[in-house]
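Visitor: I have a few questions about how terms are applied to a model. Could you walk me through them?
Guide: Gladly, let's look together.

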Amino acid sequence: MKKASVLKRFSAILIDGVLFAGLFWVVRNPGVQFLSIVYETILISQWGGYTVGKKIMGIRVVNTAGGKVDWVKAFVRSISKILSGLALCLGYFWAIWDPETQTWHDKLADTYVVEG
């Protein structure tokens with residue numbers, strides 16, 4: 001299992017972020033944040049570990065055994081991104097020096113982001 005680079009992960013986040021920024025601009029409702037959690041939970045658990053951004057970048061989320069992520073772990077991972085974003089996004093930057101390239105939300109959900 002080859003772990004995805006931090007650059008690819010960041011690029012996938014930007015792509016997904018642009019999708020939701022566009023949606024927020026059209027809808028102009030703070031509930032879009034809730035939709036992003038639903039979006040990620042459903043896609044990660046039902047679309048082979050991909051979001052649109054991850055699919056474009058050729059990376060995906062897997063469980064620690066390398067298999068499919070169930071909806072519970074996908075939800076835990078999605079909701080935990082709030083924690084990763086606190087304190088100047090330290091939870092996201094954690095992947096830079098973590099030996100397994102895991103963010104805080106990956107650690108909480110027992111997931112990896114890998115090539116493929």
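Visitor: What is the handedness of the crossing of α2 and α4, left-handed or right-handed?
Guide: The crossing is right-handed. Bear in mind that this is a predicted model.

Visitor: What angle and distance describe the packing of α2 and α4?
Guide: Helix α2, residues 32–46, packs on helix α4, residues 71–97, at an angle of about 145 degrees. Their axes lie 8 Å apart.

Visitor: Which residues in α2 and α4 meet, and what makes that a contact?
Guide: From α2 come I37, E40, T41, I44 and S45, and they meet α4 residues including W71, F75, I79 and K81. Contact means heavy atoms within 4.5 Å, so these residues count. By class, the residues of this contact are 7 nonpolar, 3 polar and 3 charged.

Visitor: Why is E40 with K81 called a salt bridge?
Guide: The closest N and O atoms of the pair are 2.9 Å apart. The cut-off is 4 Å between a side-chain nitrogen of Lys or Arg and a carboxyl oxygen of Asp or Glu, so E40 and K81 qualify. Side chains of opposite charge can pair when their charged atoms come close.

Visitor: What makes this pair a link between distant parts of the chain?
Guide: E40 sits in helix α2 and K81 in helix α4, 41 residues apart. A search of the whole structure finds 8 salt bridges.

Visitor: How do α1 and α2 cross?
Guide: The axes of α1, residues 6–27, and α2 come within 10 Å and cross at roughly 140 degrees. This crossing is right-handed. Among the residues that meet are L19, F20 and L23 in α1, with V32 and L35 in α2. The contact has 8 nonpolar, 1 polar and 1 charged residues.

Visitor: Which residues form the nonpolar patch on the surface?
Guide: W71, V72, F75, I79, I82, L83, L86 and L108 form the patch, with about 760 Å² of accessible area together. Helix α4 gives the most, with 7 residues.

How values were computed
Residues numbered from 1 in each chain as written. Predicted model: local features only at pLDDT ≥ 70, side-chain atom pairs only at ≥ 80, totals over all residues. Heavy atoms only, no water. Axes fitted to C-alpha atoms, helices over the stretch in contact; angles between N-to-C directions. Helix = DSSP H or I, 4+ residues; strand = E, 2+ residues; numbered from the N terminus. Left-handed = near helix turned anticlockwise from the far one by under 90°. Nonpolar A, V, L, I, M, F, W, Y, C, P; charged D, E, K, R; others polar. Patch = residues over 30% accessible without salt bridge, like charges linked within 9 Å, V, L, I, M, F, W, Y side chains within 5 Å. Areas by Shrake-Rupley, 256 points an atom, 1.4 Å probe, with all protein chains shown as cover.
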